[in-house]
Amino acid sequence: MVTLNFTLTPEASGRLHDALLSLSRFSDTVSIEARKDTLTLSALNSSKSGYSSFILDENYFSFYEFAPANNNVDGRFTCSILNKALTSVFKSRAVDLKGRDTAIEKCDVSLQDRADEAQCRFIIRMFCGHGVTKTYRLTYEAVEVMRALFDRNTANNRWTIHSKLLKEYVDYFGGKAEQLDIFFEDGKCTFISFTEKIVNSKNQVLKHPLRTAVAANVADFTSFNAQENMHIVISVKDFKSIVAHADTLDTTVGAYYSTPGRPLQFSYSKNGMHCHCTLMTVEDYGQTPAPSAATTAVHSRTTSRAPTIAPAAVQNVRVVAKEMPPPALPNTRKAERKLGQKEPQSKDQEADSDSLFVPQDREDREDRRWDPADYDNEETLGWDASANNEAGFHPTFRDSVSASRSNTTESTKSMPEGLPPTQRISQIKGLGLFD
Amino acid sequence: MRFRAQIQNINIFNKFVTSLASLGPVAWVRLNGNEVRFTIIPDQGTQVWAVLTIDTIFDGYTVQSAANNVINLEVPLASLQRALRSALQATSASIRLTKKDDIPILSITIVSSSLSSTPHTALGANNQFPNGDGNTATQDTDGEMSIDLSGRERETIITQEVPVKVLSPLAIEGIHEPRCREPDVHIQLPPLIQLKSISDRFTKLALLSRPGNSTTGITTMGPRLELAANMHGCLKISIKTDAMNISSVWTGLSNPELDPGQVEGGEEGVREHASTRMKALGDREGRSEEGWSRVRIDGRDWGKVMSVGRLGGRVIACFCNDHALILYVYLPNDADGDESVLTYYVSSYSE
């Protein structure tokens with residue numbers, strides 16, 4: 001039997017939501033690892049080229065208690081939960097923080113994993129205003145988690161900078177670029193967001209995404225120590241998402257790396273939340289910050305996935321981003337060697353207007369009213385004769401009378417009783433719960 | 001082939017490009033020694049022919065080419081707009097035409113001073129914020145001074161590269177500005193924000209009243225707005241569906257006098273002009289059925305045209321009954337002389 005109980009303040013649960021959103025960029029599932037005094041949330045992407053972890057220490061919780069199962073040797077408990085499930089539980093809380101009556105006052109999380117219980121569940125209780133308690137019971141998969149190891153001792157290039165400045169740089173980038181090149185030259189640290197693409201026809205030229213170079217003065221950095229003229233190339237979207245999250249914490253971000261082809265780590269922490277994000281860098285990118293379209297095709301991630309586009313270059317295709325160093329605890333799974341292909345990015349995140357990761361331009365808001373109206377997506381006032389109250393908050397007695405009822409709980413309960421405790425996440429897909 | 005300039009009015013340039021971008025993805029840009037011309041010819045919908053005097057947006061402008069110092073480019077507006085937007089807070093910005101890997105690009109170099117946009121108080125102090133309450137980052141105003149850096153050193157240089165296509169003189173030979181008969185009515189439009197909100201509302205109503213398919217997009221044809229004006233300062237916008245007939249009327253607008261110097265035939269031409277005859281018809285209240293010149297336009301397309309309101313210019317609408325609506329948008333200009341003008345050609349649909 002495993003004991004895991006912890007309590008979060010409203011702020012902490014809101015920040016947990018931000019962290020979950022940031023993790024969702026890497027994987028659909030969140031790996032959870034509980035230890036005596038820390039709880040780690042992490043995600044590894046499918047191509048194993050990006051890994052993000054959030055270590056929450058005792059300061060993060062108002063209360064934290066963990067006792068491993070008796071037969072457990074290393075004193076840990078690990079499991080994985082569908083990210084969407086967790087995000088939706090914590091999402092509304094983040095919105096309600098804006099002083100509405102429904103704002104939560106406390107969030108209790110406990111693990112139900114006992115031999116005498118039929119179901120193993122991750123139970124989240126939100127204590128809201130007016131004595132309302134919302135209980136969510138999430139299924140989890142008791143699996144071993146994979147971690148990317150990063151040895152900071154070998155990372156001789158390191159710099160730290162305030163997240164605000166990094167955010168400012170990222171805001172200059174256009175939306176569709178794919179990669180980011182970081183290099184240091186003449187006292188300037190340059191960030192270039194660019195896209196490697198083969199330009200087939202003349203018409204494609206105009207569709208090529210904007211290439212943006214931001215040359216920041218080293219003086220902007222809190223500390224800076226990096227080799228000159230070494231180009232470190234990572235995915236710009238991963239970088240943006242890390243920066244966007246770091247900026248919500250308003251803290252200093254550190255970067256650690258050694259050479260191209262070896263992983264790079266971004267790390268920042270605040271208020272008991274320690275974030276480490278390890279990204280694979282592109283190997284052998286060479287000294288050319290912007291090689292011609294023809295030569296970059298060889299190195300392109302896109303090409304390595306679909307070499308038929310440029311038959312002439314096929315023999316030169318090589319593995320660009322190697323896998324991470326072997327995960328520390330691959331007890332259950334063995335990492336496959338894969339090409340560093342890009343993780344298919346979820347579109348929903350960018351479409352989600354509540355998301356942190358949609359860049360909002362303050363100056364533009366005034367200007368927006370001049371944009372052509374979007375008649376297709378605009379909400380319109382009308383009658384809903386369907387009497388379907390599922391979506392959104394409706395102050396019916398159904399919502400307030402029960403201490404443990406909400407849409408989520410109901411759908412969880414509606415699942416067949418007596419499912420085995422280690423039910424696979426894939427099995428619950430299609431039940432209409434979170435898909 | 002050389003083109004380089006300082007962008008001296010980033011805000012106007014950005015708004016200008018944003019307005020155009022709503023009508024089409026790509027603009028034909030023609031640069032010569034006197035003016036900058038942006039032309040959008042979408043597959044369907046409104047055409048724009050915009051002429052900017054150089055000093056409206058540029059400073060230190062140089063253009064050179066083998067073809068009489070004229071450069072014709074095809075420019076993706078979304079990328080250009082994104083690039084300009086990042087220059088809004090800049091200390092200075094310049095643009096030049098260059099080549100990278102055999103692809104011509106418009107390179108925009110932006111110098112931004114981080115000091116202006118970032119509170120440096122946050123830089124020195126970190127990891128020492130009190131726990132629990134996340135947003136009480138103690139802002140120590142004195143901490144700002146503790147970072148000893150001169151403003152010049154802190155400049156961040158941003159380079160945005162917009163891929164473009166260079167058009168040969170042959171490629172653009174056949175493109176001409178639309179020609180249209182003399183308008184029946186010309187009138188200065190009310191503030192565009194009023195016109196835009198009302199026409200957006202009408203368009204939405206018309207879409208909703210359609211049987212069931214307002215959101216499916218089965219029909220690419222938007223609802224038709226009817227726009228009409230007379231020579232007595234009245235403008236009427238209306239929408240007709242099976243179920244309703246709504247209209248809004250503005251009165252007391254001005255009908256600018258024709259300049260005999262601009263009209264073919266001089267004084268005589270003005271006397272014979274269609275609009276002079278229209279003056280005899282209609283009234284100041286817009287009650288009479290006579291004296292109106294009408295066009296039927298696509299509501300969605302009109303919403304895109306209205307996007308030009310962000311530039312805040314004076315707009316003269318010229319109505320050719322049942323044929324076309326031409327909008328002249330004059331940009332605010334301190335100096336006398338040549339004005340920058342955007343010309344929108346909106347065609348009228350038949351009933």
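What follows is a short exchange on a sheet and on nonpolar cores.

Modeller: This is a predicted model, in which local features need pLDDT of at least 70 and side-chain atom pairs count only at pLDDT 80 or more, while totals for chains, interfaces and linings use all residues. Residues are numbered from 1 along each chain as its sequence is written, and side-chain values use heavy atoms, with hydrogens and water left out.

Colleague: Why are β16 and β17 of chain A called paired strands?

Modeller: Pairing requires at least two bridges found by DSSP between two strands, and four bridges join β16 (residues 252-257) to the antiparallel β17 (residues 264-270) of chain A, so the two count as a pair. In one of these bridges, A:Ala255 has A:Phe266 as its partner.

Colleague: What makes a set of residues a nonpolar core?

Modeller: The members must be buried (under 20% relative accessible area, with a 1.4 Å probe and protein chains only), must be Ala, Val, Leu, Ile, Met, Phe, Trp, Tyr or Cys, and must be joined through side-chain atoms within 4.5 Å. The largest such core has 159 residues, and A:Ile124, A:Phe191, A:Phe266 and B:Phe58 have the most contacts inside it. Helix α4 (residues 236-249) of chain A gives the largest share of this core, six residues.

Key: Chains are lettered from A and ligands numbered from 1 in the order in which they are written. Buried means under 20% relative accessible area, exposed over 50%, partly exposed in between (1.4 Å probe, protein chains only).
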